Amino acid sequence: MRIGIFSGSFDPIHSGHAMIANYAAQWVGLDEVWLIVSPLNPLKEGSLPAPDDNRLAMAAMVARKCANVRVSDFEFGMPLPSYTYRTLTSLARSYPDDEFILVIGSDNWINFEEWRDYDRIIDEFKILIYPRPGYAVDKDCLPASVSLMEEAPQALISSSFIRESVKEGKNLNFFLPPEVFEYIKKNRLYER
């Protein structure tokens, strides 16, 4: 199978994440997309995310409503912080019959050289970039292993916007899947 790896803190997962996962799983030749919840992103220092089990539960809510998308806690058993190259090579060893393709946003592609072993990722794996408003990528300058999902719908939503809006008591209908919004309220996440 061709499996898209869409990993992140998902703190919280929002409608933009859901839209990209659902799009990647159906429109770009992947058999599945795995939402891999990262316990600790090395490029997001300074604040701890919501507990792993909460973020995993919210990601599972999204995966259940998307076609060919599943959630994974694969990185929970790996050393911290979560380095993408380590995750991809571990997945390839664990599932030798599958091909793993990294799915990232154009905002991450712009900073990709800051990622540990970014050159090895480019050399050993394929990468699909989904466009994000404000982060244009010139498809003609991409390495052979990297392609742009040019037709993907775009949403300018960030998890930091969601967290701040929860703190302020805003109505987040349409920014979050309804069950994720209810889960956040019920578990009093991001209130402080």
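Student: Is D117 buried, partly exposed or exposed?
Tutor: This is a predicted model. In it, D117 is partly exposed, because its relative accessible area of 27% falls between the cut-offs of 20% and 50%.

Student: Where is D117 found?
Tutor: In the loop between α4 (106–110) and α5 (118–124).

Student: And what is its phi near?
Tutor: The phi of D117 is near 60°. That is a positive value, and D117 is not a glycine.

Student: Why point that out?
Tutor: Because most residues other than glycine have a negative phi.

Student: Okay, on to F174. What is its phi near?
Tutor: Near 80° for F174, a positive value in a residue other than glycine.

Student: Which loop does F174 lie in?
Tutor: F174 lies between α6 (159–167) and α7 (178–186).

Student: Does F174 count as buried or exposed?
Tutor: Exposed. F174 has 78% relative accessibility, and the cut-off for exposed is over 50%, so it counts as exposed.

Student: New topic: peptide bonds. What kind of bond joins D11 and P12?
Tutor: A cis peptide bond joins D11 and P12, with omega about 0°. For context, most peptide bonds are trans.

Student: Where is the place of P12?
Tutor: P12 sits in the loop between β1 (2–8) and α1 (15–27).

Student: What about L80 and P81, which kind of peptide bond joins them?
Tutor: A cis one, and omega is about -5° for L80 and P81.

Student: And where is P81?
Tutor: P81 is in the loop between β3 (69–72) and α3 (84–94).

How values were computed. Residues numbered from 1 in each chain as written. Predicted model: local features only at pLDDT ≥ 70, side-chain atom pairs only at ≥ 80, totals over all residues. Heavy atoms only, no water. Helix = DSSP H or I, 4+ residues; strand = E, 2+ residues; numbered from the N terminus. Buried < 20%, exposed > 50% of the residue type's maximum accessible area, 1.4 Å probe, protein only.
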